[in-house]
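Welcome, and please open your viewer. Have your selection tool ready, and we will go from stop to stop together.

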Amino acid sequence: MKIIGRITQQEEFRKYLDSDKSEFVAVYGRRRVGKTFLVREYFNGRFAFYMTGLANETMTNQLRNFHTAIQAYGSIPYPVPTNWLDAFGQLRHLLETSGQKGRKVVFLDELPWMDTPRSGFIAALEHFWNGWASARPDIMLIVCGSATSWIINNLIKNRGGLHNRVTRRMYIEPFTLGECEAFYKANHIEMSRYQMLESYMILGGVPYYLSLMDKSLSLAQNIDVLCFSPNGGLYDEFSSLYASLFRNAENHIKVVEALGKKTKGLTREDIITATKLPPGGSLTKTLEELEQCGFIRSYNAFGKKNRDKLFQLVDFFTLFYLNFMRDNKYNDEHFWINFIENARHRAWSGYAFEQVCMVHIRQIKERLGIAGVLTGVSSWRSQQCDPGAQIDLLIDRNDSVINLCEMKFSIAEFVIDKKYDAILRNKKAVFVRETKTRKAIHLTMITTYGIKRNEYSGQIQSEVKMEDLFR
């Protein structure tokens, strides 16, 4: 299967291969996002050495796994190593005697799993790189792992012997809508863009989740089979997702559950109150790890300082699970088909669409013609006026304009009626009055099919449609 998207990453791999020095490349990102697939497909199996760590296994079994892998790449009968220093010593000998000319690519997948307690793995990796590989011109060491926080804390932010030793970082993000569309077409899955958008709102742009789709079923049927059938591919995904990424994942789950109840976000103090978790370093670490793995985001409201920042749940599948899968108390395998017209569905879809827009800011800026303009993206909430106002997306531009964005998910053209017109006018007036901004305010509608022209639509300066998000 060919690689979908990932153009920038493929260009980076090409550049690293042509480098005149050894490269230490850390590939990281959310679980199921396609990191291993990208590396394996790009290099087409042309590795000088490749191994994958074992989940939840002992150091002894990790070393036996290493031994099995190294025997597959050479004719020398290496003994089973008893520690990681010996293991990396064998790898060094393998590479020195391989006879392979040119770049020698070493791929260590699921690296965090190899770092079992008191194993000395990090020290051995450090010795391998600093004591040998970095001094050569021909080694390309690629390490990969879904435990993004482990990669960041132990490699990228390492304060010991591996400090600043990672020469290249490659963060693999979920697909954009445009990449999802390319994936569906490549796999002969027929969907309208509206259905692709709803699929994104449920599953995000996670390639593995998309690969589970049955092309003979409708989107609603696929969601029922995958998420609500006991044998479905994503039925137990939530518990395994967090358990595979975090040691003692209970606190991480408590945080996302609390954030799932407050879509606009919570402050740190709010999280402490909601979860009953103790304040201090452990909570800080939990929040950092969740953000590093792409499950939550932290942001400052317009005009607010860092101490006032909010945390918000942004992982689409987690949001869907908390809203629907966890509470499917009737164990209905046809839950989603029967739930589509429910008011709760409409509330979820409105928020999920907002999150889709937030991860497609680049496409929104391109549609607005400001791709090259320096901007800041934030939200804002009135603190003084009654009636107050809330703006979920502000694009503060360096050309003295602020786009006040309203995001609306609908099955047809969105109609601005007299009541909503008054809401928009109030939002704009309250924002200008409280912030005292001197910038021009452009009301911007981001919708599925655009806005219907009527007597109230004239105050809208610009609009972005669903199709623009597929760019």
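Start by selecting Arg397 and Asp399: their side chains make a polar contact at 2.9 Å. Bear in mind throughout that this is a predicted model.

Arg397 belongs to strand E9, which covers residues 390-397. Is Arg397 buried or exposed? With a relative accessibility of 10%, Arg397 is buried, because the cut-off for that class is under 20%. Now display the residues it touches beyond four places away in sequence: Ile370, Val373, Leu374, Thr375, Asn403, Lys439 and His442.

Next, let's turn to arginines placed over rings. Select Arg32 together with Tyr208: Arg32 lies over the face of that tyrosine, 4.1 Å from the ring centre. Then move to Arg297, which sits over the face of Tyr299 at 4.0 Å from the ring centre.

Now for rings paired with rings. How many aromatic pairs are there? The count comes to 42. One of them joins Tyr242 and Phe246, with 6.2 Å from centre to centre and 35° between the planes, a tilted arrangement. Colour both residues by accessibility: Tyr242 is buried at 0% relative accessibility, and Phe246 is buried too, with a relative accessible area of 4%.

For the last stop, select Phe49, Phe66, Tyr73, Trp84, Phe88, Phe121, Phe128 and Trp132 and show their side chains. Ring pairs link these eight residues into a cluster.

Note on methods: Residues are numbered from 1 along each chain as its sequence is written. This is a predicted model: local features need pLDDT of at least 70, side-chain atom pairs count only at pLDDT 80 or more; totals for chains, interfaces and linings use all residues. Side-chain values use heavy atoms; hydrogens and water are left out. Rings of Phe, Tyr and Trp (its six-membered ring) pair if their centres lie within 6.5 Å; planes under 30 degrees apart count as stacked, over 60 as edge-to-face and the rest as tilted. Buried means under 20% relative accessible area, exposed over 50%, partly exposed in between (1.4 Å probe, protein chains only). A charge sits over a ring if NZ of Lys or CZ of Arg is within 6 Å of the ring centre and within 35 degrees of the ring normal. Helices (H or I, at least four residues) and strands (E, at least two) are DSSP runs, numbered from the N terminus. A polar contact is a pair of N or O atoms within 3.5 Å; within protein, one must be able to donate a hydrogen and the other to accept it, and residues adjacent in sequence count only if both atoms are side-chain atoms. Contact means heavy atoms within 4.5 Å.
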